[in-house]
Amino acid sequence: MKKFFKRKGVTLSARDYFVTALSFMALGLFSSLIIGLIIKTLGEQLHFWPMLSASFIEMGEFAMDVKIWGGAIGIAIAYGLKAPPLVMFAALFSGAFGAELGGPAGSYVTALIATEIGKLISKETRIDIILTPFLTIAAGFLVGSFIGPPIGNFMFWFGEVIKWATNQQPFIMGMIVAVLLGIALTAPISSLAITLMLSLDGIAAGAATVGGAAQMIGFAAISYRDNGFGGVLAQGVGTSMLQVANIIKKPIILIPPTIAGAVLAPLATVWLKMENNPMGAGMGTSGFVGQIMTFESMGFSWDIFWIILFLHVIAPAIISLLIAEWFRKKGWIQQGDMKINYE
């Protein structure tokens, strides 16, 4: 059985299912739901150009349709798990059906299980072109019907608990959410997938955005000596995940940006009441999606712009630099500790 699974590419690996699959799920979401919301938001601001505005809004709303982003999740997960073509294309149904019944979490589980079942039967019979997509779709239908809704409901409930707790204790919970989501953003898992599964919004999402931004901008600032301006852009607008290998070798480098997120989160939750939506909560400053979604949630104004600039960029850089410089004086951080290897 182990040899058969290995031959079919079914690893039963926690890393493949909770790291690789979630990461590719995030890519599927970004290529549909999130970019659709950005396009729609842009269209709503182009009211002075009615024809273009209407086209952008229509384009964005279509990309945001549950069947579209659910299907994108299905194909993305199948691609990430190296599924054969027939399984990958049939996984579109699994992701879409799971999304209809169980939201992002239901789509993830449905697509994952259907893909692995499809891989097992692929190229095992002479009627592969019929049997493989049929079983992949049937597996997606059964999993989506019986497993998708409970999982989706549980994740939604858990997200509601987090939001309720944050509203009750915004100081403490703001810090906890910022630290945990910030670390998730830097770790090789998808913080975006997590925030979407939890349907995290409101001030809890605002705290999560601060935590993610602190990780990205913090690492961009404190690693400038090792990586130069290219490293600043790669981490500050790309992802702080580039530091994972260095964090494993020297975990202390994770402390400065994590403290920055913990310090700034209460300012966002208690004083400024910063909000965001599930699409922006898990993105930090990656592609400035977290900031665009903050505007989407709170409205466009110069006051909000300056608050975002301070909380998401200026303050994380300053706090992280101050702590990192102290660590350098103590000898706890050395030159080259945060050097990124792009190869």
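Helices in this tour are DSSP runs of H or I with at least four residues, strands are runs of E with at least two, and both are numbered from the N terminus. The model is a predicted one, in which local features need pLDDT of at least 70 and side-chain atom pairs count only at pLDDT 80 or more, while totals for chains, interfaces and linings use all residues. Residues are numbered from 1 along each chain as its sequence is written, and side-chain values use heavy atoms, with hydrogens and water left out.

**First stop: a ring pair in α7**

Select helix α7, residues 148-168, and pick out Phe-154 and Trp-157, which both lie in this helix, three residues apart, or about one turn of it. A pair of aromatic rings is described by the distance of the centres and the angle of the planes. Rings of Phe, Tyr and Trp (its six-membered ring) pair here if their centres lie within 6.5 Å, and planes under 30 degrees apart count as stacked, over 60 as edge-to-face and the rest as tilted. A search of the whole structure finds 13 aromatic pairs. In the pair of Phe-154 and Trp-157, the ring centres are 5.8 Å apart and the planes stand at 35 degrees, so the pair is tilted. Is Phe-154 buried or exposed, or does it count as partly exposed? Buried means under 20% relative accessible area, exposed means over 50%, and partly exposed lies in between (1.4 Å probe, protein chains only). Phe-154 has a relative accessibility of 47%, so it counts as partly exposed.

**Second stop: helix α16 and its end**

Now select α16, residues 302-330, a helix of 29 residues that reaches 41 Å from its first C-alpha to its last, close to the 42 Å expected at 1.5 Å a residue. The expected span is 1.5 Å times one less than the number of residues. At Phe-310 the helix α16 bends by about 40 degrees, where the bend is the angle between axes fitted to the seven residues ending there and the seven starting there. Just after α16, look at Gly-331, which takes a positive phi of about 85 degrees.

Stay in this region and select Trp-326 and Phe-327, whose ring centres are 5.6 Å apart with planes at 45 degrees, so this pair is tilted. Trp-326 is partly exposed, with a relative accessible area of 46%, whereas Phe-327 counts as buried at 5%.

**Third stop: the nonpolar cores**

A nonpolar core is a set of buried Ala, Val, Leu, Ile, Met, Phe, Trp, Tyr and Cys residues joined through side-chain atoms within 4.5 Å. Which residues have the most contacts inside the largest nonpolar core? They are Met-25, Ile-77 and Tyr-108, in a core of 44 residues. Helix α2, residues 14-45, gives the most to this core, with 10 residues. Apart from it lies another core, of 22 residues, among them Ile-222, Leu-264, Ile-323 and Phe-327.

Contact, or touching, means heavy atoms within 4.5 Å. Centre the view on Tyr-108 and, not counting residues up to four places away in sequence, you will find that it touches Tyr-17, Phe-18, Ala-21, Leu-22, Met-25, Ile-73, Ile-77 and Met-197.

Select Thr-136 in helix α6, residues 128-146, which is buried, with a relative accessible area of 0%. Leaving aside neighbours within four places in sequence, Thr-136 is in contact with Val-87, Ala-90, Ala-91, Ser-94, Ala-114 and Gly-118. Then move to Thr-20 in helix α2, which is also buried, here with a relative accessible area of 19%. With residues up to four places away in sequence again not counted, Thr-20 touches Arg-15 and Gly-80.

**Last stop: two loops**

Most residues other than glycine have a negative phi, and most peptide bonds are trans. Select Lys-82, which has a positive phi of about 60 degrees although it is not a glycine. Lys-82 sits in the loop between α4 (66-80) and α5 (85-121) and is exposed, with a relative accessible area of 71%. Finish at Phe-288, in the loop between α14 (278-281) and α15 (289-298), where phi is near 60 degrees, a positive value in a residue other than glycine. Phe-288 counts as partly exposed, at 44% relative accessibility.
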